[in-house]
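Reader: Hi! I'm new to this one, could you walk me through it?
Author: Happy to, let's look at it together.

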Amino acid sequence: MGYGSYRASDWQKLKASKGINSNSGSADIFSCNEFKDKYNPRFIDVRESCDSKDSPFSTPIILGFDSTGSMGYLAEEIAKNSLNKTITEMYDKEPVTNPHIMCAAFSGPECGSGAIQVTQFEADIRIAEQLLEFNVGKGWNRYSYDSLVWYFAAKHTKIDSYEKRKKKGFIFCIGDEVICNADDIVLEKDRISSIFNDDVIVSYNIDNLYKMVSEKYEVFHIITGSTRAINSWEKLLPGRTAYINEENISFLSEVITSIMQLVNGDTKEKILDQFDEKASAVVEEALKTIFIKRKPQTVRSIIEGLIGK
């Protein structure tokens, strides 16, 4: 998937058709009261981000968010503002080529059916149309953290950016959970079977999952809400954990775009200069804990980078 191109005017029309306005809450926006099979990984073999005439150098981007009741404000922000804003920021600032976006809403493996919902990779208004069909605000997220999104991305996505060009996609998971003990985070084989319908003989701990998914994705976690979670996530994902407090959640899109710019070689100084004073301050705070190790460029990688642009 990933055909067409995104227009902000289409988003305005979709909002109007759904009756979404500044006063709409999470329950108003996500009115679906059932988990749809078409977004249930149990019934999905693979999600594809493919190059096409519209997107000759596709970049897959997965936006995963905690969809449990305590995180209703996050689902509301993403649906009302941040998804549209993130996409338009990408087209404006071009941190990557031809973005293909998949949305993923996760709760926890304990929730069984509906523990994770995933859209297609899309490049046009279908991104938002599918997101609004999610069922959110149910269940709890005790031990899953980002494990469900990571597993799906590693095992059930096919991305041309990596398979054709060895160019990684991006995963941004967003939530406020504190990691009590990373050694206790295990995606058991019976949960994998019930949620993904995969016949596996082993369970995966969080380190296994990260190693597996980071082969073809640049993986980040954005913490919202309490600062208590920062240290615990930094131990798990050093240099790849950002923080944004709840009152600044409207700047989520700027943080996501800035991280992609960092990965692709821009300096923090250059990135901060593109925003107004308030946005710059929020982004600067978020990027304090982001450190990207850069590999020495070869002649081939330089040429491929130029071709990609």
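Reader: Which residue stands opposite Ile-61 in strand 6?
Author: Phe-170 does, in this predicted model. Strands here, like helices, are DSSP runs numbered from the N terminus (E, at least two residues, for strands; H or I, at least four, for helices).

Reader: Nice. In what order do the six strands of the open sheet come?
Author: The order is 4-3-2-6-9-10, with mixed pairing. Strand 4 (116–118) and strand 10 are the edge strands, each pairing on one side only. From one strand to the next, the twist averages 20°.

Reader: Which strands does helix 5 lie across?
Author: Helix 5 (residues 147–156) lies across strands 2, 3, 4, 6 and 9, and runs at about 165° to strand 6. Angles run from 0 to 180 degrees between N-to-C directions, and the axes are lines fitted to C-alpha atoms, for helices over the stretch in contact. Contact means heavy atoms within 4.5 Å.

Reader: And helix 9?
Author: Helix 9 lies across strand 9 and strand 10, at about 165° to strand 9.

Reader: Switching topic: how many salt bridges are found in the whole structure?
Author: The search finds 16. A salt bridge is a side-chain nitrogen of Lys or Arg within 4 Å of a carboxyl oxygen of Asp or Glu. One of them joins Glu-254 and Lys-85, at 3.0 Å from N to O. Glu-254 lies in helix 10 (residues 252–263) and Lys-85 in helix 3 (residues 72–93), so this pair ties together parts 169 residues apart in sequence.

Reader: Is Glu-254 buried or exposed?
Author: Buried, at 6% relative accessible area, while Lys-85 is partly exposed at 26%. Buried means under 20%, exposed over 50%, and partly exposed in between (1.4 Å probe, protein chains only).

Reader: What about Asn-84, where is that found?
Author: Asn-84 is also in helix 3, and counts as buried at 13% relative accessibility. Leaving aside neighbours within four places in sequence, Asn-84 is in contact with Tyr-6, Ala-8 and Trp-11.

Note on methods. Residues numbered from 1 in each chain as written. Predicted model: local features only at pLDDT ≥ 70, side-chain atom pairs only at ≥ 80, totals over all residues. Heavy atoms only, no water. Pairing = 2+ DSSP bridges.
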